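Subject: The structure you asked about

Hi there,

Here is the model we talked about, with the sequence alongside. Have a look at it first, and then read on for what turned up.

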Amino acid sequence: MVLRQLLRVPALLRAAVAVQLRRNVGLSAVAFNRAKELDPVQKMFLDKIREYNTKSKQAGGPVDVGPEFQKDMNESLARLQRMYGEGDLTKFPEFKFEEPNFEETPK
C-alpha cells in the first residue's frame with residue numbers, strides 16, 4: 001500500500017510539471033512573438049488600419065465616400081425617423097430609470 005502511494009507521487013508530480021511547462025511555453029511564445037519583427041503582410045495591414053484611423057478622425061466619419069453614400073445615409077435616417085418618431089438617430093439614446101418605491105402602502 002505504501003509502495004503504491006509512492007509510485008503515485010511521481011505521476012502527480014509529472015502531471016503538475018507538464019501543466020507548468022505548457023503554461024510557460026505558451027507565455028514565452030507570446031513574449032518571443034512580440035519581440036520578433038512582424039512579417040511584411042501583418043505590418044502592411046496594421047499600417048493601413050492606423051492610416052484609416054487617422055483619416056477618419058480628420059474627416060469626422062467614413063473615409064473616401066462619395067455623395068451617394070451621404071444621400072443613402074440621409075434617406076435611411078429619414079425613413080427610420082418616420083418609423084420610430086422624433087429624435088437624433090445619430091446619438092446613442094439616454095435612458096432614465098425611476099427608482100421603484102418599496103414602501104408598503106397601508107390598506
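First, a word on what you are looking at. This is a predicted model, in which local features need pLDDT of at least 70 and side-chain atom pairs count only at pLDDT 80 or more, while totals for chains, interfaces and linings use all residues. Residues are numbered from 1 along each chain as its sequence is written, and side-chain values use heavy atoms, with hydrogens and water left out.

**The overall picture**

The protein chain has 3 helices and 0 strands, and its elements run α-α-α from the N terminus on. Helices and strands here are DSSP runs numbered from the N terminus (helices are H or I, at least four residues; strands are E, at least two). Of the 107 residues in the protein chain, 2% count as buried. For accessibility, buried means under 20% relative accessible area, exposed means over 50%, and partly exposed lies in between (1.4 Å probe, protein chains only). The accessible surface of the protein chain is about 11,000 Å², and 60% of that belongs to carbon and sulfur atoms. Those areas come from the Shrake-Rupley method with a 1.4 Å probe, and for residues only the protein chains shown count as cover.

The whole structure holds 4 salt bridges, a salt bridge being a side-chain nitrogen of Lys or Arg within 4 Å of a carboxyl oxygen of Asp or Glu.

Another bridge joins lysine 48 to glutamate 51, the closest N and O atoms being 3.7 Å apart. Lysine 48 and glutamate 51 are separated by about one helical turn because they are 3 residues apart in helix α2. Glutamate 51 is partly exposed, at 33% relative accessible area. Through shared partners, salt bridges join Lys43, Asp47 and Arg50 into one network.

Which residues form a nonpolar patch on the surface? They are Leu38, Phe45, Leu46 and Ile49, with about 350 Å² of accessible area together. Patches are made of residues with over 30% relative accessible area and no salt bridge, joining like charges within 9 Å and nonpolar side chains (Val, Leu, Ile, Met, Phe, Trp, Tyr) within 5 Å. Phenylalanine 45 lies in helix α2 and is exposed, with a relative accessible area of 55%.

Tyrosine 52 is also in helix α2 and is partly exposed at 44%. Leaving aside residues up to four places away in sequence, tyrosine 52 touches Pro62 and Val63, where contact means heavy atoms within 4.5 Å. Tyrosine 52 and valine 63 are 11 residues apart in sequence and 7.3 Å apart in space, C-alpha to C-alpha.

Aspartate 64 lies in the loop between α2 and α3. Its phi is near 55 degrees, a positive value in a residue other than glycine. Most residues other than glycine have a negative phi. Aspartate 64 is exposed, with a relative accessible area of 71%.

**Helix α3 and the phenylalanines**

Helix α3 (residues 67-84) has 18 residues and reaches 26 Å from its first C-alpha to its last, close to the 26 Å expected at 1.5 Å a residue. That expected span is 1.5 Å times one less than the number of residues. Just after α3, glycine 85 takes a positive phi of about 95 degrees.

There are 2 aromatic pairs. Phenylalanine 92 and phenylalanine 95 pair edge-to-face, 6.3 Å centre to centre with 80 degrees between the planes. Phenylalanine 95 and phenylalanine 97 are stacked, at 6.3 Å centre to centre and 20 degrees between the planes. Rings of Phe, Tyr and Trp (its six-membered ring) pair if their centres lie within 6.5 Å; planes under 30 degrees apart count as stacked, over 60 as edge-to-face and the rest as tilted. Ring pairs link Phe92, Phe95 and Phe97 into a cluster.

Best wishes
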